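Visitor: Hi, could you walk me through this one slowly? I am new to reading structures.

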Amino acid sequence: VYIQVIWIVIIISIIMFIPFYCILGKEWYGPYGLFYIPFLICYIIAGLNSNKWNFELGMKTSGILILGELAFLLGCLVAKKIVCVKRHEKTQRVLFSLGGGSNRVNNRKLAFLVLLETVFFAIYLVMVYLWGVRHGCSVIEAINHIMLNGKFDGDGDPLGLPFWLQLLLQMNYIAGYFFAYLIARKILLKEHISTVLLIIGYVVSILTNFLGGSRGPILEILASLLISFGIVYFFKTDRKIFSMSKIIKVAIIIVIVGITFFAVLPLMGRNQTAVDENDVFTQYIGSQIYNLNYYVENIDKRSTFFCAETLKSLYNDIESILGIQLGYKNGMVGNFFVFTNKGHNLGNVFTTYYNFYIDFGIIGVFIFTFFIGWISEKYFMSIKYNQSMVNYKLVIYIYMGASIAFSFFASRFFQNVIQLKMILKVLWIMIMYLYLVEDSYIRVNLGGKRKLIFHKVRRE
């Protein structure tokens, strides 16, 4: 009986994952679960469409997929099981820390924050609209052109957003994850937070990312809801799975969000070139395995600039902030769409391994994927076992977790987390936390036993 290679890879993947899952704690919302489960779904969808695409997974690609998964799991295992022993005379000194006496969110301040977010979005929308007017096109067409110029032609952002607006928009980009976390707290913990304000803030964040024309960040904000439910439920009940009633509620939310997303796909900033609805779906999950296989087995080129593909977000930030040209774009392989011999458009994303493989081959796949597993598990452990944990750290993990969950899609972790803008996003999360949460404060270490505490005075 003939068995396609993709199904053999799936079987090996499951057998390899189960012992790691048990050893690491059986937490699907941990980094290893968020990385593996979407990849498994992607494998299965690719397998189910293999005949339609006339697709056979190559041996080199199979090795990359198995090695990448193993590297991530090993990274998590090393982070969890191998701890560096420090000498007793050495103490860890933290420059500053955030804390709080409660988790209560002030609704009046939440209303003001949502208002600011809406104003930032409106300014951005006006600039896109005026760009469209100057070029004789609608807002949707302007989004399409802006995205294509910035992402595929390599000319950067044709809008030329002023630096101050870029700083403000970072709040909008990250706010979706913050509101996803608060929505989960509202539903699971019955907290007295305005539902209307949370929904508005969440939607405005999605719309801000929509104006950029890229669908990846929107999908990640949507996925952050599910991750938030898992995180909040764990810290409330110390259970590892939802109860049946909670599963039903979460499933309904996911279905509504999914239907809404695919219903508005024609407005997502890119013209759809898919043959049918199945192609539209597989462009988001499934086709990435085919695309990676096509590149590895047929093209197999390398970048000519150090880490040009893996660190392109970091390099882009350096060029934008410092106003210098590193030349990394000249060393990139470039972006292209993949079509099957039957005319199916399978999109232009190739899994997270694509970037690592282009830069350093198979060894790059192992090193960089191991690094993601190690650093994400380290951070997950820090919020899980730290008794002084405060909520802003959870929001950062939710942001990281959404990037990890979309590793099957593209190199989202390095694009979203390993970049200079991540500093701004963390600062915005801290600012939102300090502003919204009652009795929150910053403690600054001045050296020795001296500490300076900025504490908000609560008005009675």
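Visitor: Let's start with helix H15; how many residues has it, and what does it span?

Guide: Helix H15 covers residues 391-405, which is 15 residues, and from its first C-alpha to its last it reaches 21 Å, close to the 21 Å expected at 1.5 Å a residue. The expected span is 1.5 Å times one less than the number of residues, and helices (H or I, at least four residues) and strands (E, at least two) are DSSP runs numbered from the N terminus.

Visitor: Before we go on, where do these values come from?

Guide: This is a predicted model, in which local features need pLDDT of at least 70 and side-chain atom pairs count only at pLDDT 80 or more, while totals for chains, interfaces and linings use all residues. Residues are numbered from 1 along each chain as its sequence is written, and side-chain values use heavy atoms, with hydrogens and water left out.

Visitor: OK, is H15 mostly buried or exposed?

Guide: Of its 15 residues, 14 are buried, so H15 is largely enclosed by the rest of the structure. Buried means under 20% relative accessible area, exposed means over 50%, and partly exposed is in between, using a 1.4 Å probe and protein chains only.

Visitor: And how many helices and strands does the protein have?

Guide: The protein has 17 helices and 3 strands, and 51% of its 460 residues count as buried.

Visitor: Which residues touch the most others in the largest nonpolar core?

Guide: That core has 130 residues, and Leu110, Phe179, Tyr202 and Ile289 touch the most other members. Helix H7 (residues 163-189) gives the most to this core, with 14 residues. A nonpolar core here is a set of buried Ala, Val, Leu, Ile, Met, Phe, Trp, Tyr and Cys residues joined through side-chain atoms within 4.5 Å.

Visitor: What is phenylalanine 179 in contact with?

Guide: Leaving aside neighbours within four places in sequence, phenylalanine 179 is in contact (heavy atoms within 4.5 Å) with Leu110, Leu113, Val114, Glu117, Leu198, Gly201 and Tyr202.

Visitor: Where is serine 205, and is it buried or exposed?

Guide: Serine 205 sits in helix H8 (residues 195-211), and it is buried, with a relative accessible area of 0%. Among the residues that serine 205 touches, beyond those up to four places away in sequence, are Glu117, Tyr173 and Ile221.

Visitor: New topic: how many salt bridges are there?

Guide: A search of the whole structure finds 6 salt bridges, each being a side-chain nitrogen of Lys or Arg within 4 Å of a carboxyl oxygen of Asp or Glu. One of them joins glutamate 220 and arginine 412, whose closest N and O atoms are 2.5 Å apart. Glutamate 220 lies in helix H9 (residues 216-237) and arginine 412 in helix H16 (residues 412-416), so the pair ties together parts that are 192 residues apart in sequence. Both glutamate 220 and arginine 412 are buried.

Visitor: What about aspartate 300 and arginine 302?

Guide: Their side chains meet in a salt bridge at 2.9 Å, N to O. Aspartate 300 is partly exposed at 28% relative accessible area, and arginine 302 is partly exposed at 36%. Together with Lys60, Asp300 and Arg302 are linked in a network of salt bridges.

Visitor: Last one: which helix holds valine 119, and how exposed is that residue?

Guide: Valine 119 is found in helix H5, and it is partly exposed, with a relative accessible area of 38%.
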